[in-house]
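Morning, everyone. Please look at the model on the screen while I talk.

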Amino acid sequence: MERKNGLINLISGDDALQAIDVVRKMAVENDVEWAVCGGIAMAIYGSPRLTKDVDIIASKRLPLEKERIIGHLKQGGEHFIVKTETREVPIDWILRNDDFKVFYQAALKDAVMIDNIPILTPEWLVVLKFIAGRFKDQEDAVYLLREKGLVDRAKIRELIIKVFGENAWILAKHGYQRWFDLADGKSEETIEGLRDS
């Protein structure tokens, strides 16, 4: 990860696209299904949020040389670097190895093509951000839910029930409703209130 004056250097759209193109070639050569998620997917759906890496969920590992892998992700997968024309771009190659793997694989199966890049649907992004649960994931989810006509909220319920059953939705629906209310301005709570919860 590049640093300048002690700060993490955020990646540009051009660098992200070049890195994605490198990854695409490796994935095709090795018959690996993959889709962009995280900050780059958010940008494609209109978010102004910046990012320092490219997050990708995949069906299996890429056969990378050991020196390219700079770390392993605790939830499953690898952190590696792709060189573009102007810089090195960090990639998080996500292969969940926990109870949530089934959600990630279902999201991967439902990915859509946007500008020839496989991207998670907005509904799946909201579901996976619920699973991740960090403040920035909650902010991202509320952003997606605020965008008129972007997220089919009924589809979120359908996806959860399809993967984990009705009881999973019963357990999660209060949390999703909280996000829906924030996105719709029906709550006195602010997005900053999510940070403390």
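I'll cover a helix pair, then the core, then one glutamate.

This is a predicted model, where local features need pLDDT of at least 70, side-chain atom pairs count only at pLDDT 80 or more, and totals for chains, interfaces and linings use all residues. Residues are numbered from 1 along each chain as its sequence is written, and side-chain values use heavy atoms, without hydrogens and water.

First, the pair. Helix α6 covers residues 153-164 and helix α7 covers residues 166-184. Helices here are DSSP runs (H or I, at least four residues), numbered from the N terminus. The two pack at about 160°, axes 10 Å apart. Axes are lines fitted to C-alpha atoms over the stretch in contact, and angles run from 0 to 180 degrees between N-to-C directions. So α6 is roughly antiparallel to α7 (an angle over 145 degrees).

Who meets whom? From α6, Ile 156 and Ile 160 are among the residues in contact; from α7, they include Trp 169 and Tyr 176. Contact means heavy atoms within 4.5 Å.

Now the core. Which residues touch the most other members of the largest nonpolar core? Ile 91, Trp 93, Ile 156 and Tyr 176, out of 62 residues. Such a core is a set of buried Ala, Val, Leu, Ile, Met, Phe, Trp, Tyr and Cys residues joined through side-chain atoms within 4.5 Å. Its largest share, eight residues, comes from α7.

Last, Glu 123. It lies in helix α4, residues 122-132. Is Glu 123 buried or exposed? Buried, because its relative accessibility is 10% (buried is under 20% relative accessible area, exposed over 50%, with a 1.4 Å probe and protein chains only). Beyond four places in sequence, Glu 123 touches residues including Lys 155 and Ile 156.

Note on methods: Parallel < 35°, antiparallel > 145°, perpendicular 65-115°, else oblique.
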